[in-house]
Each structure stands twice: as structure tokens, then as C-alpha cells.
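Opened a two-chain model today and kept notes as I went. What follows is in the order I looked things up.

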Amino acid sequence: MSATAATETSTLATATKPVLRIAPPAGWCEIPLGELWSYRELLYFMVWRDIKIRYKQTVIGAAWAVLQPLMTMIIFSLVFGKLAHIPSEGMPYAIFYYSALLPWMYFASALQNATNTIVENQRVITKVYFPRLALPLAAVLAGLVDFGISFLMFVVLMLYYRIHPTVAILWLPAFLLLAVLTALGVGLWLSALNAIYRDVRYVLPFLVQFWMFASPVAYPASLVPVKWRWLYGLNPMAGVIEGFRWSLAGHGEPPGRILIASVGVVILILLGGVAYFQRMETTVADVV
Amino acid sequence: MIHVAGLGKRYRVGERERYFALRDVLSRAITAPFQRSERREPDYLWAIRDVSFDIREGEVVGLIGRNGSGKTTLLKLLSRITRPTTGFAEIQGRVGSLLEVGTGFHPELTGRENIYLSGAVLGMNKRDIDRKFDEIVAFAEVARFLDTPLKHFSTGMQMRLAFAVAAHLEPEILLVDEVLAVGDLEFQKKCLGKMQEVSKSGRTIVFVSHQMNQIRRLCERVMWINAGQIRQSGPTGEIIAAYEAASLQQDSHESLQQACFSRWSLGDGSNLLRDGLSEVSLHFYLQLSAAVRQGHFGIAIIDNDNLVLIGWGFDNLDLGQGAQELVLRIPALPLRPGAYTLMCSLFDGGNNLTGGELVEQWHAVPPLIVDTPPLSHPQDRWAGVLNIPADLQVCPSTVTAGDVSGQE
């Protein structure tokens with residue numbers, strides 16, 4: 001087949017406009033960054049849609065973005081703080097938990113939305129072409145709005161407890177980016193798997209729960225023995241959450257060893273995720 | 001410009017529209033861990049196989065074929081929704097595809113929001129949509145409901161809005177699946193008009209439809225897809241005729257009826273009678289799933305006022321199973337210009353008076369069109385139903401008045 005195809009290729013080669021070639025999927029995967037860029041408006045509209053519909057037909061709307069971490073923070077403070085006496089590294093429990101819940105809640109919901117996005121958009125996927133990568137990307141980006149809203153609540157808490165941010169807060173965007181990339185990387189894997197195996201949908205809540213306990217949300221990372229820190233850092237959210245606590249509350253030291261391991265892992269997950277997702281993309285319309 | 005060579009798409013039967021549960025994979029691994037090597041040959045289905053064609057810039061091409069023949073798969077391949085198994089396609093120009101009305105609509109969003117969303121999904125950028133917004137709203141006739149969530153729209157309104165967005169796509173190449181069958185008749189006409197407008201603006205269009213009149217109005221060229229392959233390709237009229245003849249044949253084979261008239265024509269193959277004064281032959285084609293014995297064929301010519309102008313009956317017909325042609329020869333058919341219905345009936349085992357069974361009755365389509373110069377009275381009131389020339393001579397009388405008086 002390919003031999004005959006090669007000889008017939010260039011009837012259009014002399015033409016001026018770019019020629020789009022549609023052929024069977026090749027064995028390796030290309031990362032369509034250029035194509036994704038040309039579809040940036042669609043990406044924008046998808047993010048916009050996700051945000052628009054999130055709180056439609058809810059009574060208090062975006063207040064949920066504040067209420068969820070706030071309530072969780074209160075429960076954690078009572079159970080883990082007051083009852084279990086877990087150390088908070090000298091921070092008020094409210095600050096200690098909320099600063100961890102900020103990235104964690106973003107991550108958990110972004111991961112969930114990204115995982116379901118292929119299945120939820122299967123009608124669109126089977127009817128029109130666009131780089132499928134835009135779907136999990138939009139899901140992950142849309143979560144940032146909730147993050148922004150709940151961050152405002154954190155500012156209120158900071159004022160209430162009279163905590164002055166240090167220069168470390170300049171690092172916050174970097175840690176946020178790490179959280180976004182983690183959610184995207186894992187989301188790519190799971191959304192592709194979910195398109196083929198719907199079991200993923202049922203596994204996800206457990207995964208998120210386990211993951212939370214494997215991350216320093218309810219306890220400080222300092223409880224983990226130093227010699228195991230690097231291993232602990234293989235969970236990228238450990239680096240993210242420690243980073244958030246450090247840059248927001250200014251306590252303790254920058255999460256060095258953990259962070260290096262986290263960044264390395266995220267890069268691996270992300271590259272693998274893109275490759276796997278792109279492979280899945282070639283058949284998703286037939287399978288989903 | 002589209003160049004397609006050897007394009008094929010293979011599905012594993014059962015794979016399409018199905019997902020796996022991890023359980024299946026695991027249980028297979030447990031129950032048959034050593035059978036992986038002797039992999040069972042899966043059932044494959046070629047939805048499209050070895051299809052090659054070229055479409056020039058600005059051409060409007062229709063795709064016809066029965067359900068499941070692969071038309072939609074071909075569009076999906078060209079619009080990159082799914083990837084081919086073999087061969088390739090080269091496309092030059094921005095492609096927009098319209099495989100479904102309302103792609104990307106979300107029920108919770110308002111009409112206005114959905115216009116932007118659907119537009120973006122179909123490949124428009126925000127500036128395009130801004131520019132076309134008023135036009136889209138006017139076309140869809142939903143101006144009053146722009147800020148109402150889509151879920152409160154009636155189905156008809158949703159369809160109108162969806163088509164309006166899609167109709168204002170302006171890609172260089174437009175791939176359209178059967179989507180013009182939406183809304184009421186009025187709106188369908190509007191849609192078809194819009195499509196004609198688009199096709200005249202020099203865009204390349206590939207258009208799938210089951211409605212041959214739409215194909216006739218829009219397309220210069222037609223490709224007839226059958227079982228995943230191009231069966232015939234060429235000028236619209238020719239291919240549609242072949243396709244219709246084949247599908248009529250197929251339909252009558254499938255029908256339980258004993259007999260079925262498929263078509264009729266005059267001796268020259270048309271339904272247009274230009275000379276009513278010479279011999280006229282009417283050819284009737286029918287399919288018989290069982291033989292007719294001692295049959296009766298009745299034919300009547302009926303005008304617009306349902307007046308039977310003339311009818312004939314033929315008894316004692318023996319018709320074998322299969323395709324049959326009945327040729328009716330008439331020395332002259334001097335009818336006034338106009339359209340006439342031919343009503344045919346076929347009885348088995350006698351005629352309607354001797355206890356025969358009616359096995360087929362057919363108001364022949366198309367009607368018989370008589371296009372001869374009118375020969376009878378110029379006033380309709382006195383023109384009648386026949387169209388026979390008459391000659392009037394004025395003869396100087398050899399009989400004198402005197403003779404007349406002489407008779408007295």
C-alpha cells in the first residue's frame with residue numbers, strides 16, 4: 001500500500017496553499033504544539049464553556065469554590081489538629097490546612113474533569129475534528145478560576161491571622177504551574193484510558209483519596225523521615241503542597257529535595273501522557 | 001482541491017461504538033493466559049475500501065448510496081475525525097465539516113453563548129462569529145430567545161439555530177452529511193437556498209444526501225458509494241438515474257408484493273409527448289416476484305379534473321416471474337397540452353369482474369406531459385379534451401337558392 005501511495009503523492013505538490021495529508025497513523029507520536037496553537041480560540045471557548053456551565057442552576061454558584069476548601073479546612077483543623085494533635089509547623093491550623101487545600105482541591109477537581117472530558121465530549125469528538133489535546137487542557141485550565149476564587153478566601157484568612165507574605169510568595173506561580181502540569185499529565189493518561197476502559201471512572205475517587213493521604217495535605221511533610229523525602233517527592237503533589245505552604249506562609253525552608261524529584265516526575269508523566277494520548281487520539285472516534 | 005488515493009478504513013466488527021471493561025481484558029488473561037499467541041483472527045469490516053478520486057476546487061460533489069454504504073465514513077476520513085487504515089488523502093484549503101446539526105451545543109447555555117460555542121467548535125474564530133452574529137440570528141429567527149438557555153428552546157428552534165451557525169461557516173472546503181432534513185418545509189427550503197448560495201460562491205462542497213432532488217439542485221457531479229467502494233461516478237443526472245433504477249429494483253425484490261411497476265416511458269425514454277397524431281408507444285416496466293396467469297392489465301389516462309379520458313383493458317395475460325415490459329401502442333393520442341396521470345392496474349387470475357385479484361395499482365410517476373401545439377378552440381371553455389386538427393373549407397355552393405326553393 002505504502003509503495004503505491006508514495007508514487008502517487010505529489011499531484012498537489014506544486015500548489016501554493018498548504019496541503020493537509022491524511023494518512024494512517026504512523027508508529028510514533030508527534031506533539032502537535034503548532035496545531036494546538038492554531039486552535040487556541042477553540043481552547044479559549046472550551047475553558048469559557050466549562051466555567052460557564054459549572055455553576056449553572058446552583059443557588060450559591062461560585063461560592064462553592066470557597067465553601068468546599070473552607071469546610072474541609074475546618075474539619076481537618078478539628079480532627080487532625082485538635083483531636084490528633086498533628087503538628088502544623090507553628091502555623092495556625094486554618095492557614096496550615098487551607099494553604100494545602102488550595103492546590104489539592106484544584107488538583108483533585110482538575111484531574112477529575114480532565115479524566116472525564118473525552119467521554120463527556122464523545123458526541124463532539126465523533127462529529128468534528130480538532131486536536132483532542134484541547135479537551136483535557138481546557139478542563140485543567142478551567143479549574144484555575146475556582147482556584148482564584150478560593151485564593152481570595154485565603155487572602156482573607158491571611159489578613160485575619162495577620163500573616164505577612166514574604167518574598168517567597170513570588171515562587172507561588174511556579175508551584176501553581178507544577179500543580180497544573182501534574183493534573184494535565186495524569187489527566188492525559190486517565191482520560192485516554194477512560195475512553196477505552198470505563199473502569200477508570202470508578203477507580204478515580206479512590207485514587208484521589210489515596211493520593212491525598214500520600215500528600216502532605218493533612219500533615220506536614222516534615223513528619224516523613226529525611227532519608228525517605230526523595231521517595232516521597234516522587235509524588236509531585238508533595239512538592240507542590242510543600243511549596244505552597246512555604247511560599248504563602250513563609251514558614252520553614254524551601255522544599256528542595258522533594259521539589260527536584262517532583263519536577264522530574266512531572267516531566268516524565270507529562271511526556272508519557274502526551275504520547276499515550278496522541279496514540280489514543282488516532283482511534284478515539286472509533287472507540288469512545 | 002481533494003486528492004484521494006487508495007483510501008480504506010477498516011473496523012474490527014464490534015469495536016465501533018463499544019468500549020471495553022477492564023474486567024474483560026483481565027478475565028481473558030486469566031481464563032486463557034497461554035492463548036495469546038494463537039490470536040483468533042478478528043472479524044473485520046471495511047467501511048471504505050480502496051477509494052480513489054479527485055475533486056477540483058469549486059466543485060460541488062454529491063455522495064449517494066444506501067444506508068451503511070460508507071458515505072459518512074468517507075466524510076469522517078476527509079474531516080480527520082477518524083484516521084484511515086490504508087491509502088491517503090490530500091486536501092488543500094481549510095476544511096469545515098458539518099456531520100451533525102448542533103455539534104457542540106450545550107443545553108445550559110443561552111442561544112447567544114451557543115452560537116459562539118458551536119461556531120468555535122465548527123472552526124470559526126471569534127471575529128468571524130462577531131461579524132456574522134446578526135446574520136445567524138436573523139437566519140435562525142430566534143432573536144427573541146437569544147438570552148434564554150437552549151434547553152428551553154423547542155426542537156425546531158434548536159435545529160434552526162444549529163443550521164444557521166453551520167450555514168455561516170466559510171471554509172474553502174465544506175463536507176456536509178445529511179443535515180438539510182431539519183425543521184419544517186419552509187425552513188428546509190431556506191436551508192437548501194443557503195446551500196445553493198454557498199455552492200455558487202465557488203467553494204468546494206462534498207454533500208451527502210438521500211434526497212435526490214437536493215442532489216440534483218446542488219451538485220454537478222455525483223459519486224455513488226456502494227459497500228465501501230465507488231460504484232459509479234459522473235454527471236449528476238446520469239448517476240442518479242442509474243442509482244434510482246438499481247434501488248427500485250432492489251426495493252421491489254424486497255417487497256412482499258407480487259408485482260410492482262418500477263417506471264414507465266414513451267418510446268423515446270421520456271415522459272414528454274410532442275406529437276399526438278402519430279403512433280405513440282407507452283412502455284411500462286414491472287417486477288414480478290411470482291408469475292401472473294390469466295391476468296388483466298388496465299390503463300387509464302386521467303386529466304387534472306380526475307376525468308377519465310380513455311381507458312383500455314387487456315385480458316388473458318400470462319406474465320412470467322422477473323422483469324417484464326408492457327408496451328402499449330396507440331395509433332394517436334390527440335390530447336390537449338397539459339399533464340396527465342396514467343393509472344395502471346394489474347390483476348391475477350381474471351379481471352375485476354371475473355374474480356381476479358388486484359396485485360398492483362400504480363399512479364404512474366412522472367405524469368405524462370403533452371407538449372403539442374393546441375389545435376382546438378382558442379377559448380378554454382370550448383377547447384374540450386381532444387387535440388385533433390380540423391380543417392375548414394369554404395365551398396362555393398353549387399346548389400343555388402333557386403334549387404332550394406325548387407325543392408319546395
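These entries go from chain A to the interface and then to the sheets.

**Ground rules.** I am working with a predicted model, where local features need pLDDT of at least 70 and side-chain atom pairs count only at pLDDT 80 or more, while totals for chains, interfaces and linings use all residues. Residues are numbered from 1 along each chain as its sequence is written, and chains are lettered from A and ligands numbered from 1 in the order in which they are written.

**Chain A, overview.** I counted elements as DSSP runs numbered from the N terminus, with helices being H or I of at least four residues and strands being E of at least two. Chain A has 12 helices and one strand. Read from the N terminus, the order is α-β-α-α-α-α-α-α-α-α-α-α-α. I then checked burial, calling a residue buried if 20 or more other C-beta atoms lie within 10 Å of its own, exposed if 12 or fewer, and partly exposed in between, with C-beta atoms placed from the backbone. Of the 288 residues in chain A, 41% come out buried. For contacts I took C-beta atoms, placed from the backbone, within 7 Å. Among chain A contacts between residues at least 6 apart in sequence, 82% join residues at least 24 apart.

**A helix pair in chain A.** I picked helix 5 (residues 93-120) and helix 8 (residues 172-196) of chain A, whose axes come within 7 Å and cross at roughly 30 degrees. Axes here are lines fitted to C-alpha atoms, for helices over the stretch in contact, and angles run from 0 to 180 degrees between N-to-C directions. Helix 5 and helix 8 of chain A are therefore roughly parallel (under 35 degrees; over 145 is roughly antiparallel, 65 to 115 roughly perpendicular, the rest oblique). The residues in contact include A:F107 and A:L111 of helix 5 of chain A, and A:L184 and A:L190 of helix 8 of chain A. By class, this contact has 14 nonpolar, seven polar and no charged residues. Nonpolar means Ala, Val, Leu, Ile, Met, Phe, Trp, Tyr, Cys and Pro, charged means Asp, Glu, Lys and Arg, and the others, Gly among them, are polar.

**Where the chains meet.** I found 43 residues of chain B in contact with 36 residues of chain A. On the chain B side, strand 1 (2-12), strand 4 (86-92) and helix 3 (111-121) each supply at least two residues. Strand 4 of chain B gives the largest share, seven residues. The chain B side has 20 nonpolar, 14 polar and nine charged residues.

Which strands make up the open four-strand sheet? The order is 1(A)-4(B)-1(B)-2(B), with antiparallel pairing, where a pair needs at least two DSSP bridges. Strand 1 of chain A and strand 2 (44-55) of chain B are at the edges with a single partner strand each, so one side of each has no neighbour in the sheet. The twist averages 25 degrees from one strand to the next. Four bridges join strand 1 (residues 19-22) of chain A to strand 4 of chain B, and A:I22 stands opposite B:A89. Five bridges join strand 1 of chain B to strand 4 of chain B, with B:I2 opposite B:I91.

Seven bridges join strand 10 of chain B to strand 12 (residues 280-288) of chain B, where B:A259 stands opposite B:L288.

Note on methods:
Contact = placed C-beta atoms within 7 Å.
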